[in-house]
Amino acid sequence: MDRQAYWRILLLLCIILIQESVHAKKQKTAVITDLNDIKEFKKLLRTKTNVLILFVNNQKGSQSVTDVFKDTADAMKGQATLAIIDCNNSDGKKLCKKLKIGSDKSYYLKHYKDGEYHKDYDRNESVNSLSNFLRDPTGDLPWDEDPTATDIFHLQDGEALNKFLKKGAGAYKKSMIMFYAPWCGYCKTLKPEYVQAAADLKILLLLCIILIQESVHAKKQKTAVITDLNDIKEFKKLLRTKTNVLILFVNNQKGSQSVTDVFKDTADAMKGQATLAIIDCNNSDGKKLCKKLKIGSDKSYYLKHYKDGEYHKDYDRNESVNSLSNFLRDPTGDLPWDEDPTATDIFHLQDGEALNKFLKKGAGAYKKSMIMFYAPWCGYCKTLKPEYVQAAADLKGESLLAAIDVSKPGNSKIRQLYNITGFPTLLYYEKGQYKLPYNGENKRQAIVDFMRDPTTAMQQKKKEVVDESWSEDTDVVHLTAANFEDTLAKIKNALVVFYAPWCGHCKRIKPEFEKAAKRIKEEKIDGILAAVDATKQPDLASRFGVKGYPTLKYFSKGEYQFDAGHARQEEQIISFIKDPKEPPPPPPPEKPWAEEETPVRHLDSATFRNTLRKIKHAIIMFYAPWCGHCKSTKPEFVRAAENFADELMVAFGAVDCTTDQELCANYDVRGYPTIKYFSYFDKNIMDYTGGRKEADFISFIHNQAGTHPTAQKEIAGLKSGFGVEVVLVSDVDFENIIAAPNPSFVMFYAKWCKICNTAKPEITSLAVQLRREDSTVKVYAVDASENPKVSDLVGIKTVPTFKLFKNGKEIATYKGGRTTEDMFKFCVSHEKDPKESPVLRFLEKPWTEEETPVRHLDSATFQNTLRKIKHAIIMSHPPWCGYWSVKPGFVRAAENLADDLMVAFGAADCTLNQIKLHDNYDLQGCPTVNHFRYMDKNSQDTGGRKVAGFIPFVHNQARTYTTLSNEFTTQNTGFNDEVTIASDVDFERVIASPAPTFIMFYSPSCATCTQLKPDVNRLAVKLRQVESPVAVCAVNATENPRVADIVGITTLPLYNMYSNGNLIATYTGDRTSADMFEFCLIHHTVKIDS
């Protein structure tokens, strides 16, 4: 290489480096630099509450502060707004003049707060100082920036503290360290004295201070794992109170060190979702416990899982934080596919980043590959998995098969990006580039053949695309930009469809359009039907504002009149051409909740963390605008929020999951509404499982905050049926109340208890009389259903119960008459000479100890039991109630249906610690008998309380009688009792009937479906009147995804006719009851070979 060429290369490299450097400097920062107009300036102050503006008069003299300002803008992004205005250019000069910015300094820094000028910035010009100021513009000057405190060693964090003591000045001299907080009043008083002392002791003593950082505190926090479990009683209590427990039994500390570290990390990661404990089988107490639990000693450790109070299984998966966490989230679920030892030939991709890396830089960038987008719960995915694994083994070395679970929290964007609308979806790639979807059989050999010869499939795909355009060999007129105006100019009535060849809805409308066009021609109707391929005529589509396919527009004499999207079936199209009428406008959209003025804060991904990290008690409702339960909860939630509107440390918030899917997925939101409690964002997170009324939300917040002032108690007492003289007590303050030296007379009650309600006026009168007589006895009341800790502590077995306490001890149980006079005598007699009373005992044998087919439920087992049962009859009772007359008939009915796996009879003792069941499920009165269907309360049984009453009720609910009432399953759906509601559970049984079944597939959010329900009701009545064998059913497609997947639903409403498990026909005619009736009569005798 000659010298000239060498220098040319060197020069080229220099130019490239300079360009890179310039590019880096030109990168945008968060600072606003285009603010040159007074309107924009005012708009900025109107929309932003915390604004700092740098006004520049001299570029050179302000260069250093400009650099610091830009770095601060990046650091404070989302917390403050920073802008630079150049007072030298023409527009900026005018703006600076209007704002009266002086010109005697190189620059000015001015702060604006809540739309108004606040002050000139007067602190150090560093990123740290500017940031501190913007975080609290009205706060005091930080001590480390105070020019009078230069003799103090200001330590910023734990690292600086250690360095000062170990290697710094503090390692060689006497020193004092002040641990303080800026908001502390005593600290503020001490500061000037401390500064003066530091100056006096400058040579002899070093004084230093430190602001304790949250990061240091976080590092010192204890792990969430339980390590002090060494007693069999504590062990049993843990299993009684926690439903998801994993325990590490350690026999050898050294051999279990690595799993212990993983276990502790898992405990921190799963805090609030599972309980993890370590039991050391080597120390004396632990050894006894391990022996009682029969823990072996042949291994260094054992990992055992306990579910719902009982041993579940030994943990048998990978010992990593990820595997342990996955197991604890779903202990009864299948082994995650990426942990399956038989699936090692599959590339398991965890998230979008791993997917991109695989396709761009990983193995997928160099070979043919197929990616399976799946969900663990998907039945088709489960069937495909073994075939896919075997195919991967066959293709090893040739091509790659990968898989990604897109149902995981955080992977929702992948579904949107890759248009994943069903599971499983398989996409084929070549060298990281997408080619086409795999639509072949879900079989090993079919996948292998495709991967070895994808060219054939691609050619077939191209042919399919070519064949998708609408044929011109029909009576539909095909329009282009060249003939559009000339063709339509002479036509009085023209209905034009703008379509795309690949559009599914367009494919369905095509045969209807062609049949209607043929009839128009044959019947010589004045008008035409025309079609425009919008993918080939984009200018035409754009001209008429086409944004989706198909779009139907009506033209008259070449002039556009209106959209006619309602005319999609043959008869509808013919009727429209004969008499074109503009469809009525759609109902106005419901005003979004976020636009309503309420104290509820509406959060999204951008504001969620920043808002909640400052709030001690936040209750957040994750909702969907179309959700009926959300709509009914919303007013109660708003009213509860209004109660706390002035509380700075309490917030009620809402997240719209239809617009912020990823945020909802991150918090495992699977249904609406889901309500969660947050404390300082992530310090404490838990599910809210209480009632959905205003009082329930208020009570929950008070319990979390531990705030029950007397005024609030008096208001609550009035609402509960007591007078102001009776003070309500809770789990929070009960022990403090009864610890008083003066006697406390306490009534334990429940809201649902009618006897309690009768006694409340007498208790109020008692409290008034005791006050008038200057008695030292105080009267209190405790809702035992809301305060399980108190109920457990006192041993409440029945309500109402009346007890007297003094100095933290129970003095007596009152068992006399429930009149004011009798209770007053009792209180006065014990006021000076208290004597212990005997404990109330039950004479009868508890029902739970009898052997019957009735299942006895409590708070821990209620939900898990009923969510698997289709028809559950639950009797709620207290032991003292006269329910014994009902009990024999209830037990015999249970015996009659004991062999039916989908029917259960259950009983709940409403006086024990499961009292909350009454409020959660509105169980009122004793005994109360209710019907539940898959955990949802379906109805209250108002029938007879004998065997002959219970059994027919169950048969009616299960539809196992010849003449049935469907009023319970159809209530609130818009259908009458002649229409049967089918679901994922019984759909295949319903359509397997030899008699034809006409089914409407609908959605509650579909306005058209709602309008058409009355016609389906009338159809069902007509068919019954003529004694037709055709049954009419309805399926909510949004709540029954399995049915939707089997049927292949792509539009709603959809009407199908079934017999013997087969689809006979799809109804596409007019949706009136008369037309559907004719359709059903035509098909009601059709027989199909199964």
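**Salt bridges, surface patches and burial in the predicted model**

Arg 639 and Glu 694 form a salt bridge, with 3.5 Å between the closest N and O atoms. A salt bridge is defined as a side-chain nitrogen of Lys or Arg within 4 Å of a carboxyl oxygen of Asp or Glu. Arg 639 lies in helix 23 (residues 628–643) and Glu 694 in helix 25 (residues 694–705), so the pair ties together parts 55 residues apart in sequence. Arg 639 is partly exposed, at 34% relative accessible area. Here buried means under 20% relative accessible area, exposed over 50%, and partly exposed in between (1.4 Å probe, protein chains only). Helices (H or I, at least four residues) and strands (E, at least two) are DSSP runs, numbered from the N terminus.

The model is predicted: local features need pLDDT of at least 70, side-chain atom pairs count only at pLDDT 80 or more, and totals for chains, interfaces and linings use all residues. Residues are numbered from 1 along each chain as its sequence is written, and side-chain values use heavy atoms, leaving out hydrogens and water.

The structure holds 33 salt bridges. One of them joins the side chains of Asp 394 and Arg 444 (2.7 Å, N to O). Asp 394 sits in helix 14 and Arg 444 in helix 16 (residues 444–452), so this pair ties together parts 50 residues apart in sequence. Asp 394 is partly exposed at 27% relative accessibility. Arg 444 is also partly exposed, at 32%.

Ser 399 is buried, with 6% relative accessibility. Beyond its neighbours within four places in sequence, Ser 399 is in contact (heavy atoms within 4.5 Å) with Lys 368 and Met 451.

Two surface patches involve other residues. Patches are made of residues with over 30% relative accessible area and no salt bridge; like charges are joined within 9 Å, and nonpolar side chains (Val, Leu, Ile, Met, Phe, Trp, Tyr) within 5 Å. Trp 7, Ile 9, Leu 10 and Leu 13 make a nonpolar patch of about 380 Å². Leu 13 belongs to helix 1 and is partly exposed at 47%. Asp 34, Asp 37, Glu 40 and Asp 91 gather in a patch of negative charge. Asp 34 occupies the loop between helix 1 (3–26) and helix 2 (38–47). Asp 34 is exposed, at 57%.

Overall, the chain has 39 helices and 41 strands. Of its 1090 residues, 43% count as buried.

Definitions and conventions:
Accessible areas come from the Shrake-Rupley method with a 1.4 Å probe; for residues, only the protein chains shown count as cover. Lys and Arg count as positive and Asp and Glu as negative; His and the chain ends are not counted. The place of a charge is taken as NZ of Lys, CZ of Arg, CG of Asp or CD of Glu.
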